[in-house]
Amino acid sequence: MTLAAFFAVWFVHLLAAISPGPAVLMAARVGLTEGARRGAWLAIGLGLGAVFWAMAALFGLVMLFRLAPSLLWALKIGGAAYLIWLAVKMWRHAGDPADMKITPATASDGDARPRSPLSAVWLGLATQLANPKPAVFFGAVFVSTIPRGASAVSLALVLIAVFLNEALWNAFVARIFSLDRVQRGYAGLKPVIDRTFGAFLAALGIKIAAT
């Protein structure tokens, strides 16, 4: 794979990574309510999820979905249900008071127990896997940008680029939403902001199930 081809693959995926969706929305939410550190762990999970979809496309999972559409349908319904479940939890706890002194170390669903780094990684991975849209992107767009006969080393570098695109961008989003000024604004508008996040997440889930 030439350097130009590699940068083409990298840029195409970067555009997909920064586009609004469940991953970016969750990064903003965790950064806002739990801080940049937990947001960074979440971003690692999101990056791992993107690598999973990229590898699935490279190894023919998208072709399997075409041969057995019911598998994709089941994945879409399950993923949509998970996103809607998260949205309902956000909505239910929107009225809970925001204690910004402990928020960076607590879970965003109203549970007072600290979210561990591993739990944040899992949330990112589950959020990414719950959205089958990346399967379509990686299967229809991403794979088509990779030259035929690309070596194993080239493919490994591409997967590393996918991980870094997804992880670094979402860590950046979490960092922006973790800033003191943003968190102070959140504390004053928590019910409205939480219900807005929940509504957007539910809408994304419904869109996934319906398309």
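A residue counts as buried here when its relative accessible area is under 20%, as exposed when over 50%, and as partly exposed in between (1.4 Å probe, protein chains only). Helices here are DSSP runs (H or I, at least four residues), numbered from the N terminus. The model is predicted, with local features needing pLDDT of at least 70 and side-chain atom pairs counting only at pLDDT 80 or more, while totals for chains, interfaces and linings use all residues. Residues are numbered from 1 along each chain as its sequence is written, and side-chain values use heavy atoms, without hydrogens and water.

Let's stay with α1 and look at its partner. α1 and α8 pack with their axes (lines fitted to C-alpha atoms over the stretch in contact, angles running from 0 to 180 degrees between N-to-C directions) 9 Å apart and at about 30°. The two are therefore roughly parallel, a label for angles under 35 degrees. In contact terms (heavy atoms within 4.5 Å), Phe-6, Val-9, Trp-10, His-13, Leu-14, Ala-17 and Ile-18 of α1 meet Leu-157, Val-158, Ala-161, Val-162, Asn-165, Glu-166 and Trp-169 of α8.

Now for the nonpolar cores, meaning sets of buried Ala, Val, Leu, Ile, Met, Phe, Trp, Tyr and Cys residues joined through side-chain atoms within 4.5 Å. The largest has 15 residues, and Val-9, Ala-54, Phe-138, Phe-142, Ile-146, Val-158 and Val-162 touch the most other members. At least two residues each come from α3 (36–58), α7 (133–145) and α8 (152–177), with α3 giving the most, 5 residues. A second, separate core of 10 residues includes Ala-23, Val-24, Ala-28 and Val-173.

Methods
Parallel < 35°, antiparallel > 145°, perpendicular 65-115°, else oblique.
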